[in-house]
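Me: I'd like to go through this model piece by piece. Can we start at the surface and then work inwards?

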Amino acid sequence: MKVLFKWLALLVGLPTVAIALFYLWGSAGSYDSQNYAETVDYGPQAAPSTNDFTVVSYNLGYLSGLANNTTTKPERAFFEANQVQAIAALKSVNPDVVAFQEIDFGASRSYGVNQSEVIAQALELGSGAIAINWDKNYVPFPYWPPAAHFGKILSGQAILSRFPIEKNSRTVLQKVAGNNFVYNAFYLDRVLQVSEIDIGGKTVVVMNTHLEAFDEQTRVEQTRFVRSLAEEYAQSNPVILVGDFNSALNRDTFITATGENLGETQFSIKEMVASESFSSAVAQPDWNSRVTFPSDSPEYKLDYIFYTPSTLEVIDTQIISAAGEASDHLPLMATFQLKE
């Protein structure tokens, strides 16, 4: 009987220990957390040719196209083709500053490519700043099949610039209160990246964020926080706030491919619209004609560029449709001029 109990203990104990060890290892990161908000020199820069400057916001979806967050695991060639298309589309508008969300810095799911470095060098945007929001040794998602697991993840946000980036920081935003600790251990952080950029001898603050997608109340609170901090910076500097706000005024009903209902009732983007310090580069009446998601048949405006009209003037805006399905989002562009 004692021998039987020993075997039972082993049968139960060994898997438990293995699961615990995987949890500790997989949920840990391998990147130095002190460098989660570092500035990076990506090489030579091409000098701006005019007094105007162009800013692009692009949820890159780690170049996974419409396969983003599905059980499909695309081949390396698929990512390479999307990379070529995304770079060509961005080159066509000659951006001076590009803010990315969901960009990989060497993750297994995108075949170990540092997408920020490759794109920066291709666009001759030599000054970079990163904001890591997902650093895990192994992410077991999508849950099935195991072959589709993301595996090692190093991902987040990045700002690439033709102008010198003087400072860069990241702030981790409020988490979803209802998520269990195991989910949170493997899930990404939502962050606000803040870069101070020297444009024509004046410090312009570029803020880059990617807000909660699945819990509306958390997204509302995150939007309020982002707005508050942006308004603080706006008291002393021109500010451009960009990103994927995961909210659209026409998205009262939205069922995902997996059956989740992400329809909105509070429309968190209204928190930004209410700001007296900021305006949208795309005026609200035009929002439904300047939609960014999904990239194959755009219906919703989830991506925004807000700015301080007291210090900046909008010259032009456009959706960069040439990016096609390199991501599940389309990039949004705005050209600005500093007011005297």
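Reply: At the surface, V17, L21 and L24 make up a nonpolar patch with about 300 Å² of accessible area together. Patches here are built from residues with over 30% relative accessible area and no salt bridge, joining like charges within 9 Å and nonpolar side chains (Val, Leu, Ile, Met, Phe, Trp, Tyr) within 5 Å, and accessible areas come from the Shrake-Rupley method with a 1.4 Å probe, only the protein chains shown counting as cover for residues. This is a predicted model, in which local features need pLDDT of at least 70 and side-chain atom pairs count only at pLDDT 80 or more, while totals for chains, interfaces and linings use all residues. Residues are numbered from 1 along each chain as its sequence is written, and side-chain values use heavy atoms, with hydrogens and water left out.

Me: Where does L24 sit, and is it buried or exposed?

Reply: L24 lies in helix α1, residues 2-26, and is exposed at a relative accessible area of 57%. Buried means under 20% relative accessible area, exposed over 50%, and partly exposed in between (1.4 Å probe, protein chains only); helices (H or I, at least four residues) and strands (E, at least two) are DSSP runs, numbered from the N terminus.

Me: Switching to charges, how many salt bridges are there in the whole structure?

Reply: A search of the whole structure gives nine, where a salt bridge is a side-chain nitrogen of Lys or Arg within 4 Å of a carboxyl oxygen of Asp or Glu. One of them pairs K175 with D189, with the closest N and O atoms 2.4 Å apart. K175 is in the loop between β6 (165-172) and α4 (181-186), and D189 in the loop between α4 and β7 (191-199), so this pair ties together parts that are 14 residues apart in sequence.

Me: And what does E221 pair with?

Reply: E221 forms a salt bridge with R224, the closest N and O atoms being 3.0 Å apart. The two are three residues apart in helix α5 (residues 216-233), which separates them by about one helical turn. E221 is partly exposed at 27% relative accessibility, and R224 is partly exposed at 38%.

Me: What about R251 and E264, buried or exposed?

Reply: Both are buried, and their side chains meet in a salt bridge at 3.4 Å, N to O. Salt bridges that share partners join R219, R251 and E264 into one network.

Me: Which residues of α5 are buried, and what do they pack against?

Reply: Among the buried residues of α5 are R219, V226 and L229. The buried residues of α5 pack against β7, β8 (202-210), β9 and α6, with contact meaning heavy atoms within 4.5 Å.

Me: What is phi like at Y62 and N246?

Reply: Y62, a residue other than glycine, has a positive phi near 45°; Y62 sits in the loop between β2 (53-59) and α2 and is buried at 4% relative accessibility. N246, likewise not a glycine, has a positive phi of about 50°, and N246 is buried at 7% relative accessibility.
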